[in-house]
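Please work through each task before reading its solution.

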Amino acid sequence: MIVGEKIKKKRKELGLTLKQLSSKIDISISFLSDIENNRSKPSLDRLKEIAEGLECSVSYLLGEEVLEEKKRYLLQENKNILLHEEIEKLFYDESFVQILNEFKGFDRWTVQEKEEVRSFLKAKREFKN
């Protein structure tokens, strides 16, 4: 998406008219319209002003935040895969499976029973550290 299109899209998302945005950032309606329709290119200073008026970053208007979002998504996916692999490894640990079997019917435990187990595990972890 081109910068002008991003500006127009963001302005409309915020429910602003060309006139409202132009007043907010002190730029002529015709120049703002030219930018949105890719007939003019704003200077970096103007782009900063427009970004402030649209309550977004210059990076967003330049399309760079989309790349950052993709990077964050991929990192999260990698973390999820690693977590899944770690959990899967646990099920090959016989002692973990034995402990897990002790928790059968956990949904029927009383609040007090659950709290006792939590307290025990917390104390065990603190003792270990």
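Buried means under 20% relative accessible area, exposed over 50%, and partly exposed in between (1.4 Å probe, protein chains only). The model is predicted: local features need pLDDT of at least 70, side-chain atom pairs count only at pLDDT 80 or more, and totals for chains, interfaces and linings use all residues. Residues are numbered from 1 along each chain as its sequence is written, and side-chain values use heavy atoms, with hydrogens and water left out.

**Exercise 1.** Determine how Glu13 and Lys9 are paired and placed.

*Solution.* 
1. Apply the criterion: a salt bridge is a side-chain nitrogen of Lys or Arg within 4 Å of a carboxyl oxygen of Asp or Glu.
2. The N to O distance between Glu13 and Lys9 is 3.7 Å, a salt bridge.
3. Both residues belong to helix H1 (residues 3-13), four residues apart, or about one turn of the helix; helices (H or I, at least four residues) are DSSP runs, numbered from the N terminus.
4. Glu13 has a relative accessible area of 48%, so it is partly exposed.
5. Lys9, at 39%, is likewise partly exposed.

**Exercise 2.** Classify the exposure of Lys24 and Glu55 and locate the two partners.

*Solution.* 
1. The closest N and O atoms of this salt bridge are 3.5 Å apart.
2. The pair links distant parts of the chain, 31 residues apart: Lys24 lies in helix H2 (residues 18-25), and Glu55 in the loop between helix H4 (44-53) and helix H5 (58-62).
3. Lys24 is partly exposed because its relative accessibility is 46%.
4. Glu55 reaches 60% and therefore counts as exposed.

Conventions
Helix = DSSP H or I, 4+ residues; strand = E, 2+ residues; numbered from the N terminus.
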